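Hello,

Here is the structure I promised to pass on. Have a look first, and my notes follow below.

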Amino acid sequence: MNTPAPSTPALSTQLIHAARAVQAVRQGRSLTDALSQCPAAQRPATQALSFAVLRRLGSAEAARAHLVPKTPAPEVDALLLSALALLWPLQSRDEVAPYPDHTLVNQTVAAVKQDQPHSASFVNAVLRRFVRERDALVSQLMRQPVAQTNHPAWWIKQLQHDWPLHWSAILDANNQHAPMSLRVNARWGSASDYLGRLAEVGLGGQLIDHPLLRQAVQLDHPVPVTQLPGFAQGEVSVQDLAAQLAAPLLLQAGPHTPALGPGARVLDACAAPGGKTAHLLELGDLEVWALDNDANRLQRVNETLTRLHLQAHTLAADAGHTARWWDGQAFDAILLDAPCSASGIVRRHPDIRWLRRPDDLTQLARTQSRLLDELWPLLKPQGRLLYATCSVFQCEGPQVIQAFQRKHTNARLVTPIGGSLLPGLQPDDPLSSPGDGFFYALLIKDQH
């Protein structure tokens with residue numbers, strides 16, 4: 001007897017789960033945490049809907065405030081906002097409306113009837129009015145910066161201050177779908193060889209024209225990792241292109257930075273989830289220490305290394321409390337991928353913009369500076385430290401490094417490696433990122 005395939009849950013059920021996830025984000029929880037509470041079978045559809053809603057949450061909140069000045073109960077408000085976001089006009093030709101208007105309205109009302117039946121007529125009336133008056137309402141609401149850009153007002157102002165010529169392009173890029181990029185394990189083969197393997201299973205991709213991204217492939221369309229040839233065997237990993245710059249930047253040879261030889265001691269100070277740790281080991285025969293202060297996240301590093309058949313010395317420890325874990329032997333190189341606002345990876349994590357607060361930047365900058373101060377003494381003379389943040393805010397990049405160099409006169413910045421990478425710019429712009437937004441600064445420890 002054949003077991004019937006599980007049926008796709010009704011859209012109304014998906015909307016309930018997505019609205020709960022969005023409500024959790026608005027209350028300060030990460031989307032990852034919120035989705036973990038969703039039944040596994042419904043998680044992919046819920047994530048897709050949640051991403052779509054969070055990318056247009058500013059527009060939806062403006063529409064709801066106009067249509068319903070008094071905020072409804074949280075459960076009703078979350079469903080209403082989710083529907084308004086999904087009913088908002090498409091922003092580019094590449095987008096396709098996920099559902100017809102009438103289907104979305106009817107299924108949202110059905111969802112409200114399951115959770116808050118007394119509010120069903122109210123939600124139905126609000127959504128039908130929005131559809132009826134949509135063109136005029138959108139035209140009016142798009143004059144509001146938060147509705148237009150779908151970012152908090154403080155975030156917009158910060159980018160305008162930091163990047164007066166580029167802020168609009170960065171915000172636009174944050175609302176796009178991020179491509180899926182791969183890193184081919186250099187111990188297994190070349191990127192061009194892997195392109196052939198992808199073609200054999202009907203997947204398209206392209207090589208990246210960048211001197212430091214020789215193992216990178218960008219897929220034409222995202223797919224589950226289970227469809228990637230050799231993924232389980234460790235032949236390839238998923239990693240954004242900008243993140244793939246970290247290992248070669250730290251290890252590469254240059255006029256003032258000779259290549260690290262076999263056996264060099266390297267510290268990855270904030271290693272989870274392990275992509276950069278693994279990349280270091282793929283590129284060289286190194287003694288790598290991988291630290292993370294979260295034991296659960298460190299487990300992901302171990303799982304990544306096991307899949308890739310690589311070995312590192314992993315420790316659950318706070319890199320800033322060196323007396324608790326350091327063995328007294330100096331490192332040839334240190335990678336400090338410091339905790340940050342993650343403002344450069346918003347297109348992959350659309351909840352970040354709604355979770356961060358202005359005060360977070362000050363606290364994070366202090367943490368970044370503390371880690372630099374604590375790790376610098378662990379570096380050998382003429383050793384190198386690569387400071388990295390997946391942030392586009394200057395207070396987490398150039399300003400941290402400038403303050404550090406004022407305190408440590410033996411820290412020499414290697415140029416042009418010290419700089420920001422901004423998504424959404426023209427390829428010929430020197431600040432244009434091949435992937436997410438990042439800041440990198442390579443420091444050499446002079447002997448004076």
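What does the accessible surface of the protein come to, and what percentage of it belongs to carbon and sulfur atoms? The total is about 20600 Å², with 51% belonging to those atoms (Shrake-Rupley method, 1.4 Å probe).

Please keep in mind that this is a predicted model: local features need pLDDT of at least 70, side-chain atom pairs count only at pLDDT 80 or more, and totals for chains, interfaces and linings use all residues. Residues are numbered from 1 along each chain as its sequence is written, and side-chain values use heavy atoms, with hydrogens and water left out.

The protein has 17 helices and 11 strands (DSSP runs numbered from the N terminus: H or I of at least four residues for helices, E of at least two for strands). Its radius of gyration, taken over C-alpha atoms, is 24 Å, close to the 22 Å from the globule rule for 448 residues, so the protein is as compact as a globular protein of that length. That rule is 2.2 Å times the number of residues to the power 0.38. Of the 448 residues, 52% are buried, meaning under 20% relative accessible area (1.4 Å probe, protein chains only).

Now to strand β5 (residues 265-268), where R265 and L267 point one way, V266 and D268 the other, and all are buried. β5 pairs in the parallel sense with β6 (residues 287-292) over 4 bridges, and also runs parallel to β8 (residues 331-337), joined by 3 bridges; pairing takes at least two DSSP bridges. L267 stands opposite W289 in β6 and opposite I334 in β8.

Best wishes

Definitions and conventions: Buried < 20%, exposed > 50% of the residue type's maximum accessible area, 1.4 Å probe, protein only.
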